[in-house]
Amino acid sequence: MDASLAHNARVWDYWLGGRENYEVDRRVGDHVRAMFPGIVQVARADRRFLGRAVRYLVGYAGIRQFLDIGTGLPTVENTHEIAQRLAPDARVVYVDNDPLVLAHARALLYGTPEGMTDYVDADVHEPEAILDAAKKTVDFDRPVGLLLLGILNFVLDTDRAVAVVDRLLDALSPGSYVVITHPTGELGGAENEAAMRYWNAHATPPITARTGAEVALFLRRVELLAPGLVSCSRWRPEARDMAGRVVPQFGAVGRTG
């Protein structure tokens with residue numbers, strides 16, 4: 001764990017108001033925010049989208065199993081907390097490979113007695129390893145909620161990212177759901193793009209934005225729920241979200257056939 005280099009999980013934690021970050025993370029995070037003031041709103045909108053999507057999957061779709069890839073540092077309203085509040089028997093498998101996240105994995109493992117919460121140390125570039133490890137907790141013969149929030153942007157080659165999603169979808173039974181968020185320059189303009197270039201020069205891991213057409217490639221095999229692929233802040237906003245502006249982060253939820 002290199003404390004001299006800003007890391008996405010820690011900077012994201014800083015933007016969300018967490019404490020698990022270093023001076024270098026705050027310095028880079030502040031510089032990115034100065035270049036693109038809306039980045040904190042992006043982080044918070046992404047988190048609220050997670051809550052809405054999980055509540056929908058548990059409350060309306062009846063999903064009781066989740067595979068959350070790229071979970072990041074534990075913060076308020078983690079996936080298992082949201083899901084098990086509505087369905088105490090829900091099972092959640094978190095996947096990440098960041099050393100600091102690993103150090104705090106124990107904080108993610110406290111779920112309800114009726115349910116189960118597990119943690120897998122694996123890289124999104126290796127979907128087979130993720131699926132093999134998740135089988136200890138997740139029954140892939142039953143519907144699963146696959147969460148890919150802000151993670152595919154770290155798979156820089158689009159063809160490889162599509163292949164990763166396809167392999168994960170291959171493992172899901174009919175009636176499963178995939179939830180995606182992904183940064184884009186289409187909704188953020190020049191400030192967002194410049195901030196990403198700064199990030200890639202001063203932090204790790206490198207990140208890439210994608211167009212709506214590129215993000216749609218990840219979702220071509222699923223039936224999108226309304227309103228489709230939109231700014232994550234505009235996916236079925238709740239009362240407190242209605243005044244929120246459009247953020248340069250796509251969000252979508254799709255159902256497997």
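User: How many helices and strands are there in the protein?

Analyst: Quick ground rules: this is a predicted model, where local features need pLDDT of at least 70, side-chain atom pairs count only at pLDDT 80 or more, and totals for chains, interfaces and linings use all residues. Residues are numbered from 1 along each chain as its sequence is written, and side-chain values use heavy atoms, leaving out hydrogens and water. Helices (H or I, at least four residues) and strands (E, at least two) are DSSP runs, numbered from the N terminus. The protein has 10 helices and 10 strands.

User: What radius of gyration does the protein have?

Analyst: The radius is taken over C-alpha atoms, and the globule rule is 2.2 Å times the number of residues to the power 0.38. For 257 residues, a compact globule would come out near 18 Å, which agrees with the protein's 17 Å.

User: Is Glu 114 buried or exposed?

Analyst: Glu 114 sits in the loop between helix 6 (105-108) and strand 4 (116-121). Buried means under 20% relative accessible area, exposed over 50%, and partly exposed in between (1.4 Å probe, protein chains only). Because its relative accessible area is 54%, Glu 114 is exposed.

User: Which residues does Glu 114 touch, not counting those up to four places away in sequence?

Analyst: Contact here means heavy atoms within 4.5 Å. Glu 114 and Pro 88 are 26 residues apart in sequence, yet 5.7 Å apart in space, C-alpha to C-alpha. With residues up to four places away left out, Glu 114 touches Pro 88 and Asp 89.
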